[in-house]
Amino acid sequence: MKLLVDVSAGMAIAEVLRQLGHDVLSVRDRDARMADADILAWAVAESRLVVTMDKDFGALVYQAGQAHTGVLLLRLEDARTSEKERITQEIFTRFSDRLPGRFAVYQDGHLRIR
């Protein structure tokens with residue numbers, strides 16, 4: 001799967017996804033201060049699913065109606081890096097076929113896919 005990892009998700013998550021065999025680009029490598037709307041536009045241009053911890057993506061997709069090719073919002077603000085890595089690996093191992101083109105939110109042990 002082609003993924004674009006937002007700065008908020010971090011390099012550890014990007015590395016886990018690479019180890020799982022995904023084609024991963026990191027926003028940090030292009031511009032760590034890139035606007036969220038520009039991140040979504042980049043993802044659409046390259047058919048990439050955005051992996052983020054930034055809740056603003058929900059507003060862009062649902063309130064502003066911005067196009068996307070999939071967003072995974074990880075609500076793991078207080079989690080340790082190892083927990084974030086484990087959860088990300090589990091999500092992509094179990095649900096990767098259901099994520100493209102959808103808006104998914106992981107919070108409190110549950111993944112909601114719209």
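The following dialogue examines how selected terms apply to this predicted model.

Guide: Residues are numbered from 1 along each chain as its sequence is written, and side-chain values use heavy atoms, with hydrogens and water left out. As the model is predicted, local features need pLDDT of at least 70 and side-chain atom pairs count only at pLDDT 80 or more, while totals for chains, interfaces and linings use all residues.

Visitor: Why are α3 and α4 called roughly perpendicular?

Guide: The axes of α3 (residues 36-45) and α4 (residues 56-63) come within 10 Å and cross at roughly 65°. Angles of 65 to 115 degrees count as roughly perpendicular, under 35 as roughly parallel, over 145 as roughly antiparallel and the rest as oblique; the pair is therefore roughly perpendicular. The crossing of α3 past α4 is right-handed.

Visitor: Which residues make the contact of α3 with α4, and how do they divide by class?

Guide: Contact means heavy atoms within 4.5 Å. On α3 the residues are D36, A37, I39 and L40, and on α4 they are D56, F57, L60 and V61. Six are nonpolar, none is polar and two are charged. Asp, Glu, Lys and Arg count as charged, Ala, Val, Leu, Ile, Met, Phe, Trp, Tyr, Cys and Pro as nonpolar, and the others, Gly among them, as polar.

Visitor: What makes the pair of Y62 and F103 edge-to-face?

Guide: A search of the whole structure finds one aromatic pair. The ring centres of Y62 and F103 are 5.2 Å apart and the planes stand at 70°, so the pair is edge-to-face. Rings pair if their centres lie within 6.5 Å, and planes over 60 degrees apart count as edge-to-face, under 30 as stacked and the rest as tilted. Y62 lies in helix α4 and F103 in strand β5 (residues 103-107), 41 residues apart.

Visitor: How do you know whether F103 is buried or exposed?

Guide: Buried means under 20% relative accessible area, exposed over 50%, and partly exposed in between (1.4 Å probe, protein chains only). F103 has 3%, so F103 is buried. Y62, at 44%, is therefore partly exposed.

Visitor: What is the phi of D108, and why is D108 called exposed?

Guide: D108 has a positive phi of about 50° although it is not a glycine. Most residues other than glycine have a negative phi. D108 is in the loop between β5 and β6 (110-113), and its relative accessible area of 66% is why it is called exposed.

Terms used:
Axes are lines fitted to C-alpha atoms, for helices over the stretch in contact, and angles run from 0 to 180 degrees between N-to-C directions. Helices (H or I, at least four residues) and strands (E, at least two) are DSSP runs, numbered from the N terminus. A crossing is left-handed if the near helix is turned anticlockwise from the far one by less than a right angle, and right-handed if clockwise. Rings of Phe, Tyr and Trp (its six-membered ring) pair if their centres lie within 6.5 Å; planes under 30 degrees apart count as stacked, over 60 as edge-to-face and the rest as tilted.
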